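Please look over the structure shown here before reading on. The notes after it are meant for someone meeting it for the first time.

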Amino acid sequence: MALLRAAFSSLLFSSALALVQDLDDTFKDSRMEDVWLVDFYAPWCGYCKKLEPIWKEVGAELTRSGSPVRVGKMDGTAYSGVASEFGVRGYPTIKLLKGELAYNYKGPRTKDDIIEFANRVAGPAVRSLPSRQMFEHVLKRHSVLFLYVGGESPLKEKYTEVASELIVYTYFFSASEDVLPESVTLHELPSVVVFKDGTYFTYDEYEDGSLSSWVNRERFQSYLPIDGFTLYELGETGKLVAIAVTDERDPTERSSRLKGLIQRVATEHRDQFNRDFQFGHMEGNDYINSLIMGEVSVPSIIILNTSNEQYFVPAEPVEDLEQLLRFFSSVLDGSAPAFGGDGIFQRIKRVAYDARSTIMSVFRSSPLLGCFLFGLPLGVISLMCYGICTAESDDDTELMKRDGFTDEEEEEGEEEEQQRLTAGAEGEEEEDAEKIEQKSPTEKKVD
């Protein structure tokens, strides 16, 4: 039985492999015939290796469900020319290729999220809802729903164009007016409506600007849980992101109050702040701390500008709604001090912070590996510095000794010369004395 199970598992694994095709440079010429979901990877990439088993499951699931999407993978380092043509800048990169269009996937790398993206983008940009029953069914499935209501018009053409561009983020539907429930009242047709937060909002070209910008701003619920993936998606809307930083593992009355206050701003003061702010909460402060290279207390409130990496924090702890509203208003009018940014000083600080974080994470996960990776090079550098300094010191000592010996030799030479001169003078005096001794008495008298 065990052998049968092993053989069956091996068969399933081989089948999954067959459902994910290895692509080469001939792919760019044949891809137009089908819709392709492609993983561009590098053999040395750790994230790519983590994605590999998930990618096999994606291929098996899409094939089993009868999806028209074909699944493949390409070594971007071996076929760098093809990867460059598709705009691949890092690994792994997931793209859905549909005709002349290439859609980037930026969501969580889970099987369900990738499959949902593939099915959404592979289908028509705008899906028709023929009945009220179908509308109610779709409304229950989607937290945010964009709907075009009316017949053919320039607005519908624009809506279809925007849908083709932004279908990577959300679904787009169309319907006639009789499909809508009686609770939905439209003042004019055609109209574009977004259903979310238990209500609906109508697009107004004069107040909301371009349809593309409005859809991009409205594609999220007014208040939602935020993580690392959704934070930068929220930033792509052009809004500031207001976050209640909490700890769900240790809920406190203050955490609940701050979350409740931000939710009230999102719903009760939508007209005043929705255009500029996206609201939500994030569990824990680790991600925020790494983002701002500082420490955020828990619970607290912070506003992030992901476009320039600035952030804002209240000068005092927020206690009530009025205080929170004043804080948001001060951010909009520029009176609230901004921290962080993307200037040269912050970039240098980011490099140092990331290096420090990397070293600390290595030592926490594997102290021995950390000692080997960082201690060995430091030890070699220290020995080299010591050797250089010691060599210079020895050379100086030897030179000084050499100079010292020369001075002694000169002093000895001078002493010998002085002794010779002294000896010579004494010899002359002795000779003179002898000559005087040898003179006759007559000569002595003359002298």
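What follows describes a helix pair and a sheet.

This is a predicted model, in which local features need pLDDT of at least 70, side-chain atom pairs count only at pLDDT 80 or more, and totals for chains, interfaces and linings use all residues. Residues are numbered from 1 along each chain as its sequence is written, and side-chain values use heavy atoms, with hydrogens and water left out.

**The helix pair**

- Helix 7 (residues 154-166) and helix 9 (residues 211-218) pack at an angle of about 50°, their axes lying 10 Å apart; helices are DSSP runs of H or I with at least four residues, and strands are runs of E with at least two, while axes are lines fitted to C-alpha atoms, for helices over the stretch in contact, with angles from 0 to 180 degrees between N-to-C directions.
- The two helices are therefore oblique to each other, a word for angles left over once those under 35 degrees (roughly parallel), over 145 (roughly antiparallel) and 65 to 115 (roughly perpendicular) are set aside.
- Contact, meaning heavy atoms within 4.5 Å, is made by Leu155, Lys158, Tyr159, Val162, Glu165 and Leu166 of helix 7 with Leu211, Ser212, Val215 and Asn216 of helix 9.

- An open sheet of five strands runs in the order 6-8-7-9-10 with mixed pairing, where two strands pair if DSSP finds at least two bridges between them.
- Strand 6 (127-128) and strand 10 (199-202) stand at the edges, each with a single partner strand, so one side of each lacks a neighbour in the sheet.
- Strand 7 (residues 145-149) pairs with strand 8 (residues 172-175) in the parallel sense over four bridges, and Phe146 stands opposite Phe172 in strand 8.
- Helix 9 packs on the sheet, where it touches strand 7, strand 8, strand 9 (191-196) and strand 10, and its direction makes about 10° with that of strand 9.
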